[in-house]
Amino acid sequence: MLQIEIDGKSVSVEQGSNIIEAAHQAGSYIPHFCYHKKLSIAANCRMCLVEVEKAPKPLPACATPVTDGMKVKTNSPLAKQAQQGVMEFLLINHPLDCPICDQGGECQLQDLAVGYGNGESRFVEAKHVAPAKDMGPLVSAAEMSRCIHCTRCVRFTEEIAGFQEIGMAHRGEHSEIMPFIGKTVTTEISGNVIDLCPVGALTSKPFRYDARSWELSRRKSISAHDALGSNLIVQTKDHRVRRVLPLENESINECWLSDRDRFAYEGLNHADRLLKPMIKQDNQWHEVDWETAFAYVAKGLNGVSKDHGKDAVGMWVNPTSTVEELFLAKKLAAGFGIHSIDSRLRQQDDRLDVNRQGALWLGQSIEELSQNQAIFVVGADLRSEQPLLTARLRRAAQNGAKISVLNARQEALHMPLHVQTAAHPQTWVKVLREMLQQSDDAASVAGSLKNAERAAVLLGAAAQQHPQYADIYAAAQALAQEFGAVIGILPTTAGSVAADLLQVRPSGQGSNLRAMLAQPKKAVVLVNVEPDADTVNGEAAMQALQAAETVIALSAYRTEALLAAADVLLPIVPFTETSGSFINMEGSLQSFYGVVQAQGEARPLWKVLRVLGNRLQLAGFDYNSSQEVLAAALPDAVCHRLSNLTAFAGDAGGDAVTLWRTGGVGIYDGDAVVRHADALQQTVQAGSPQAKIHSKTLAALGLKCGDTVSAQQAGGAALTVTVCADDSLAENVVYLPTHGDNRRLGALMNSIELKRGE
């Protein structure tokens with residue numbers, strides 16, 4: 001530790017610290033623009049000039065390392081004069097449009113200009129004007145004349161997002177921040193440049209001119225869009241969510257947000273929100289009151305149960321739901337005698353259930369994950385599934401961690417990778433088992449795990465949705481056990497761990513979802529499920545619902561699929577309009593409150609389930625708050641990070657390789673709120689995907705780029721797609737993520753047939 005003095009205060013700081021970090025530790029504020037604790041040092045704004053004893057001139061606090069015995073003055077006359085001089089230069093070309101600027105009220109330049117700026121400018125020459133830039137549907141760069149060239153955005157895209165999509169062109173007073181010519185910003189965490197921008201140059205395009213910062217109420221919440229559990233600040237006005245910002249939590253999301261978490265709020269106010277209970281009669285939908293709707297539901301369930309038995313009723317539960325909602329759904333099913341209940345809506349292999357207790361989870365904390373020296377990821381499109389976790393892995397790789405990936409394609413992860421293997425999904429079990437024989441080679445995946453003090457093997461969504469999931473897990477587990485690595489799962493939704501922990505799956509002789517699709521039930525309760533979009537096979541799901549006598553849908557949205565398949569729609573609210581809890585991938589229980597009042601007559605799902613339990617005359621549905629439900633769901637008020645699977649002997653799998661679909665759930669197709677967020681649906685990633693195929697496979701099929709073909713999967717609807725070549729894929733693989741156009745094509749990981757269009 002070094003001893004220094006800042007503004008007369010003695011401070012002990014670590015070797016390698018800079019003055020601005022030491023000042024923060026001492027409680028002394030130094031004005032700055034370009035410095036950010038998560039980015040490299042640029043030292044190009046010079047606003048942080050301070051006086052250092054024995055230095056001939058003021059020094060930039062961000063770029064000056066501390067030395068033992070150093071004496072620093074942050075607000076001496078010399079420092080103040082230097083800071084005021086810098087501020088005068090920064091304001092030379094800045095437009096005087098504060099009254100209409102979206103950044104007004106939270107502008108760092110505006111705040112510091114009050115303390116360090118002059119009352120009037122001495123600059124009388126013409127100001128430099130920078131033209132507007134197009135950075136895509138999420139980030140507005142319409143007023144780039146406000147830019148002070150701090151380069152935070154440039155450094156973020158290069159260092160955190162991993163790929164520089166923004167740069168600074170020209171020199172001197174003609175310098176401009178811009179995306180590369182003809183390009184927009186496409187990183188899945190692009191919205192963070194809005195927070196980083198200290199002026200009003202980069203702002204939120206969906207939020208543009210929607211409200212002033214001082215008009216907004218601020219509420220804490222938790223993200224419902226992936227299993228990371230990012231902490232949020234939800235800003236509201238007039239009982240509507242207007243903006244979502246990150247709430248700093250160093251152990252989870254640091255100070256960042258994915259675009260999915262930041263901009264999904266648009267879906268909360270979509271015109272398709274279901275606001276009143278509805279019943280279908282004579283193939284026409286009619287709005288009714290809750291009393292009538294509950295009576296209809298109770299009559300329907302009791303009628304089917306009486307005529308066909310309790311085994312004729314099934315319940316599909318969305319794993320995006322909260323702990324409380326999942327618990328009450330299971331309790332309702334158990335109380336009514338429904339054994340066919342399932343929350344694993346996209347899973348094709350449930351053999352792991354036999355040999356384990358507790359929930360499959362990350363296996364360690366999120367912070368611990370980035371401290372591993374070797375990490376092996378199997379079957380994950382990391383950037384779309386786990387945007388912020390990928391940023392952590394990127395930083396770990398930059399710091400020397402050996403990251404290896406096995407998937408059906410070589411994803412552009414923008415990080416130094418140890419080994420990246422693109423293999424056909426039907427060979428994954430074989431590839432994993434062969435890795436055990438390669439441990440003597442330090443350049444191999446097994447070698448990196450063997451030589452690391454801390455190592456992890458992680459299974460992503462593609463592995464979990466694979467028809468051989470149990471065998472892949474067994475092979476990965478054997479690899480991890482051999483080299484002392486931690487094995488973990490990258491859960492696919494915010495409620496996946498809770499659903500697994502609460503065992504929201506079939507009991508007794510009950511059927512899982514795939515069995516319910518093969519042999520449809522007479523009555524189906526959809527708990528926050530959009531059948532065409534949330535299930536393993538959208539077409540089979542719709543056909544199964546069409547075969548039912550009654551379909552009861554508890555949904556926040558009125559979609560075409562639900563209007564076609566359901567008989568009654570009960571309006572529920574999204575996570576911003578109710579209280580609840582999520583258990584994230586590391587097993588942390590995080591509770592939140594509603595931030596706005598419920599829209600229309602929609603009600604929290606846990607309340608709807610509670611009342612439905614009462615109407616069905618079931619015992620134990622007398623909860624008055626979500627806190628009471630949580631206490632019943634997790635009696636000791638904490639999440640048990642129960643052990644993963646005990647030893648499971650999987651099959652090796654055959655050598656036959658067929659044309660296979662992969663690609664997983666589209667990055668902005670994962671849940672109902674995201675699917676209804678307009679700006680996210682305008683991004684490049686959300687566009688209608690082409691079917692990408694290795695060029696050799698294209699040639700073998702007699703196809704070429706741009707050809708239109710008919711795609712068909714078992715049990716799915718035929719779909720016309722355009723093919724294109726992509727040699728980052730393994731051969732005999734068709735990369736086709738889910739999208740509105742192809743949700744009913746078939747399973748995400750399974751064989752597919754392509755036929756040339758007539």
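Guide: In this predicted model, helix α8, which spans residues 323–336, and helix α22, which spans residues 626–633, have axes that come within 9 Å of each other and cross at roughly 65 degrees. Because angles of 65 to 115 degrees count as roughly perpendicular, α8 is described as roughly perpendicular to α22. The crossing in which α8 passes α22 is left-handed. On the α8 side the contact is formed by Val323, Glu324, Phe327 and Leu328, and these meet Ser626, Val629, Leu630, Ala632 and Ala633 on the α22 side. Sorted by class, the residues of this contact between α8 and α22 are seven nonpolar, one polar and one charged.

Turning to the cysteines, a disulfide is a covalent bond between the sulfur atoms of two cysteines. With a cut-off that asks for two cysteine sulfur atoms within 2.5 Å, the count of disulfides comes to zero. For Cys101, the closest cysteine sulfur belongs to Cys107 and lies 6.1 Å away, which is too far for a bond; Cys101 is also buried, with a relative accessible area of 6%. For Cys255, the closest cysteine sulfur is that of Cys150, at 14 Å, and this again is too far for a bond. Cys255 is likewise classed as buried, because its relative accessible area of 14% falls under the 20% limit.

How values were computed. Residues are numbered from 1 along each chain as its sequence is written. This is a predicted model: local features need pLDDT of at least 70, side-chain atom pairs count only at pLDDT 80 or more; totals for chains, interfaces and linings use all residues. Side-chain values use heavy atoms; hydrogens and water are left out. Axes are lines fitted to C-alpha atoms, for helices over the stretch in contact, and angles run from 0 to 180 degrees between N-to-C directions. Helices (H or I, at least four residues) and strands (E, at least two) are DSSP runs, numbered from the N terminus. Angles under 35 degrees count as roughly parallel, over 145 as roughly antiparallel, 65 to 115 as roughly perpendicular and the rest as oblique. A crossing is left-handed if the near helix is turned anticlockwise from the far one by less than a right angle, and right-handed if clockwise. Contact means heavy atoms within 4.5 Å. Ala, Val, Leu, Ile, Met, Phe, Trp, Tyr, Cys and Pro count as nonpolar, Asp, Glu, Lys and Arg as charged, and the others, Gly among them, as polar. Buried means under 20% relative accessible area, exposed over 50%, partly exposed in between (1.4 Å probe, protein chains only).
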